[in-house]
Amino acid sequence: MSRDGGDATVGRSASSGASTPLRPRQRSLTRRPSTTSLDQSTPATARTRPPLPTAGLHTSPAYSTSLRSRHSLYGTEDRIVLDLGSRIWKIGFSGEPAPRECISMLDIVTSQDGQGVSVAPIGLWSLDKGDVGELEWDIREERLKRALREVWFNTLMTDPKTRKVIVVENPLLSTKVKEMITRVLFGNLQVLSISFANSHVLSLMATGTVTGLVIDCGNLETTALSVFAARPLFPLLLSTPVAGNRVTSRLRSLLLQFGVYVPPPPSSSTLLAPTRGKIPREVLTEDLLEEIKTRYCFVGDPLPPANDEILRRASIASNTGARRASVGPEPNAEDAEANEAEDDELLRRLERRYSRNSATTTISFKVPSFPPSSAPVSGTRKGWIQVPGWVRERAAEVLFEEGTDDARNVPDLILESLLKLPIDLRKPLASSILVIGGTAMLPGFFRRLRHDLLARLAASHPVSVSEPLASSSPPTSPTESVFSSLPTSSPTKRSRSGRHKALSDRLSLLRSTPRFAPLVHLADKLVITNDPSLSALSSTESSTRPTPLPPKSGAAPNFAPALLPWIGGSLAGALKTGGEEILREKWEEAVEGAVEGLMEMGDDEAVRDADDEEDGPDRKAFVVPDWTLMRLRVV
């Protein structure tokens, strides 16, 4: 009876109260256990296996939360990483391999045009930060607020009050811009904390290194910062305005002069042939120029040297005359016509030099419609544009043309950075050059940069003098050659005229010695770690190369140069590290302290104005971390 009762109990529990016959149940117990489901016939030895000892096992504090709470869609552990560039914004969650959204500032500014916000052609900030009035800064802050709220709630779709934020910053980002970002994030979005992290250090972190010379070739400027053992050497920071904005200005000037535009027919039934002419100025909008630059332009191979004065004047014209063309005519019409005539002459000289040495195909395409459309004339949006092949190839030549001390080209900026380094740091940093930024993504950029660096070092060998040196070994530097010619205390006295002649020869040698002569021995040590062009080299080209490439060339992970700072910020957020963290409580305490200070001074009107502000009482009450206020020295 006990057996029947036991089987009946098992049958009732298995079939929800229905009785199960004994014979089928016995046959089911003797079946072979299934590998896809649990069965009641599991051997007793497997059920009685002793559990694993857990007394000595401890979980890591970094993974104390559950997997669900750490996921970026459901939890609050992951931080928000913001890379707010002057042209492109990269936004996403930490711990992810790529940003959730890459937004162009042109789209943000154009979308806000219909909301009563004045539109500036440059964006939220530019290089001329000191020339902008307070009213323009207020407009930019309102534009930043609307853009961040739209991105936060439409793209990230998360509660900002429960998130920490990492802001990827350029070392030369204005403190006023950083304060504006802090006010919007704390006062409007009310995030938990903000950390400003250096973009150059984060880029090295993304490649798995902590030492290197990082070149950020962005839209407004190109910066070079040396980083040794994860410590940025800010006193050696160099920058140049030769960047993507210069390429856009040169492209605009060349298209206005040599581009061809075919307007749309007035009606679909017309039989007249279309008229070809120059591209109207209103057609070349910022969106269209960016589209042409990113889709059709590339960096060509170097040409034989020509008249450097022509190229230097053309480089200056691309920054002055072409920018005037983008903004509008000058108030003085006579000066504007003279400047345009001079720029046209320089552009024609460039056309004669570049067109006969180019075999690039000329392309034609229909003018696209960029939503929301901002063209002043509706009929001009559907025409056709013809871009000459040599314009596609040589628009980016402004990055490598001979520059000045205030506007160096990219190769000279790298060599100047190496020259400013201490001697013992030149070799390790020259062998770890990292190039980031959106302008560096132009096809052929890395190959041309490597060629120009080696060509400049090859042309920088010290010149030899006819007079033999006093010592048997040649001098190691031009400075040593100068001091070796100074009079010594030897018993053989040289006449005054002889000493004067020797000193004059040495000084003339020092003047004629190229500036980068101390870096000549680093020619075989130069390594661009993220050079993607090395993987495309054929075996024939590699075998015919006179000197083999260093083994570390192109060894960095194959990330897009424009995404390296954001990827480093994502990694820093996952590791819970980064720059100095600013808590919202400290920011609120600083704001309250500013209000109390105004009340003690008896300035009631200032207090009322401060209370009316949405983002905080005093804009200058809280000081964000700034490396320019720190005492730094190079050992």
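Trainee: What share of the residues of the protein counts as buried?
Mentor: The predicted model holds 22 helices and 14 strands. Among contacts between residues at least 6 apart in sequence, 73% join residues at least 24 apart. Of the 635 residues of the protein, the share that counts as buried is 43%.

Trainee: What distance does helix H6 reach from its first C-alpha to its last?
Mentor: Helix H6 covers residues 134–156, which is 23 residues. At 1.5 Å a residue, 33 Å is expected, and the helix comes close to that value. The distance reached by H6 is 31 Å.

Trainee: Which residue just after H6 takes a positive phi?
Mentor: Within H6, the buried residues include Trp-137, Leu-144, Lys-145, Ala-147, Leu-148 and Trp-152. Just after this helix, a phi of about 55 degrees is found at Met-157.

Trainee: Is Ile-181 buried or exposed?
Mentor: Ile-181 is found in helix H7, residues 175–189. Not counting residues up to four places away in sequence, Ile-181 touches Leu-84 and Leu-144. The cut-off for burial is under 20% relative accessible area. Because the relative accessibility of Ile-181 is 2%, this residue counts as buried.

Trainee: What distance separates the C-alpha atoms of Ile-181 and Lys-145?
Mentor: Lys-145 is one of the buried residues of H6, whereas Ile-181 is found in H7. Along the chain the two residues are 36 residues apart. Their C-alpha atoms are separated by 8.5 Å.

Trainee: Which element gives the most residues to the largest nonpolar core?
Mentor: This core has 39 residues, of which Leu-399, Ile-414, Val-435, Phe-445, Leu-449 and Leu-519 touch the most other members. The elements that give two or more residues to the core are strands S6 and S13 and helices H14, H15 and H16. With 6 residues, the element that gives the most is H14.

Trainee: Which residues does Leu-519 contact, leaving aside its neighbours within four places in sequence?
Mentor: Leu-519 is among the members of the largest nonpolar core that touch the most others. With those sequence neighbours set aside, the contacts of Leu-519 are Leu-415, Leu-418, Leu-419, Arg-426 and Leu-457.

Trainee: Which element gives the most residues to the lining of the largest pocket?
Mentor: The largest pocket holds about 1,200 Å³ of space. Its lining has 48 residues, of which Arg-87, Ile-88, Lys-90, Asn-219 and Gly-438 lie nearest the centre. Elements giving two or more residues to this lining include strands S1, S2 and S6. The element that gives the most, with 6 residues, is H10.

Trainee: How many Å apart are Leu-220 and Pro-241, C-alpha to C-alpha?
Mentor: Leu-220 lies in the loop between S6 and strand S7, and its 13% relative accessibility is why Leu-220 counts as buried. Residues touched by Leu-220 include Trp-125, Leu-127, Pro-241 and Ala-243. Leu-220 and Pro-241 are 21 residues apart in sequence, and their C-alpha separation is 6.4 Å.

Terms used: Residues numbered from 1 in each chain as written. Predicted model: local features only at pLDDT ≥ 70, side-chain atom pairs only at ≥ 80, totals over all residues. Heavy atoms only, no water. Helix = DSSP H or I, 4+ residues; strand = E, 2+ residues; numbered from the N terminus. Expected span 1.5 Å × (residues − 1). Buried < 20%, exposed > 50% of the residue type's maximum accessible area, 1.4 Å probe, protein only. Core = buried A, V, L, I, M, F, W, Y, C linked by side-chain atoms within 4.5 Å. Contact = heavy atoms within 4.5 Å. 1 Å grid on protein atoms, 1.4 Å probe; cavity = no way out; pocket = protein on both sides within 12 Å on 5 of 7 lines; lining within 4 Å. Points joined across faces, edges and corners; volume = space filled by probe spheres on them.
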